[in-house]
Amino acid sequence: NVHIHTKPSHHGKVKEPVFVNIGAAAEASGVSAKMIRHYEAIGLLPPPARRDNSYRDYGMAEVHELRFIGRARKLGFAMHEIAALLALWRDKSRPSREVRTLAAAHLADLERRIAELQSVAATLGALIENCHGDERPDCPILDSLEGEPHRTGRDTPAPKRGTKAGV
């Protein structure tokens, strides 16, 4: 686990922050280097300072923002929502109602998507229940995907042994 810290002087006073490269920032934040570059490219993060050799320099503030973004992504927020949350987080005088409104809208969207997935799962479960899964060629799953009217196939007899389908 990489920890970014400030570098104390020989008198125990803090000098200047330690900066790390993108790999160490990625490890410390849990966000991949590829995603860090992406967040910079889309303007979610400001471009970092660069060393003389053109390497990116990340300090504690940048790593903290990356952790914030990572946690927001794990909660399913979209990039535009994360950008709004970051702006609110950076604004220490923000009203919390704006954050709450954004989070509540995201929760409502998640609940809508969950309901849609539950409906899809129920439909697929019913199709699986109606599919014999045997030698018969008729299949309500394929019929449904094709757009044909639903047929259970329960009245179709199983092929007899010795026939081409029954082998």
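The side chains of D109 and R113 meet in a salt bridge, with 3.0 Å from N to O; a salt bridge here is a side-chain nitrogen of Lys or Arg within 4 Å of a carboxyl oxygen of Asp or Glu. This is a predicted model, in which local features need pLDDT of at least 70 and side-chain atom pairs count only at pLDDT 80 or more, while totals for chains, interfaces and linings use all residues. Residues are numbered from 1 along each chain as its sequence is written, and side-chain values use heavy atoms, with hydrogens and water left out.

D109 and R113 both lie in helix α5, four residues apart, about one turn of the helix. Helices (H or I, at least four residues) are DSSP runs numbered from the N terminus. D109 also forms a salt bridge with R112, where the closest N and O atoms are 2.5 Å apart. These two residues are three apart in helix α5 (residues 96-130), so about one helical turn separates them. R112 in turn forms a salt bridge with E116, at 2.7 Å between the closest N and O atoms, and this pair is four residues apart in helix α5. Through shared partners, the salt bridges join D109, R112, R113 and E116 into one network. By the rule given above, the structure has five salt bridges.

The relative accessibility is 25% for D109, 42% for R112, 37% for R113 and 44% for E116. Side chains of opposite charge can pair when their charged atoms come close.

The nonpolar core is the next topic. Such a core is a set of buried Ala, Val, Leu, Ile, Met, Phe, Trp, Tyr and Cys residues joined through side-chain atoms within 4.5 Å. The largest one has 22 residues, and those with the most contacts inside it are A25, I36, Y39, L66, I69 and I82. Two or more residues come from each of α1 (22-29), α2 (33-41), α3 (60-74) and α4 (79-90). Leaving aside neighbours within four places in sequence, I36 is in contact (heavy atoms within 4.5 Å) with I22, A25, A26, V31, Y58 and L66.

The structure holds zero disulfides, a disulfide being a pair of cysteine sulfur atoms within 2.5 Å. For C131, the nearest cysteine sulfur is that of C139, 3.7 Å away. C131 is partly exposed at 21% relative accessibility, whereas C139 is buried at 14%.

How values were computed:
Buried means under 20% relative accessible area, exposed over 50%, partly exposed in between (1.4 Å probe, protein chains only).
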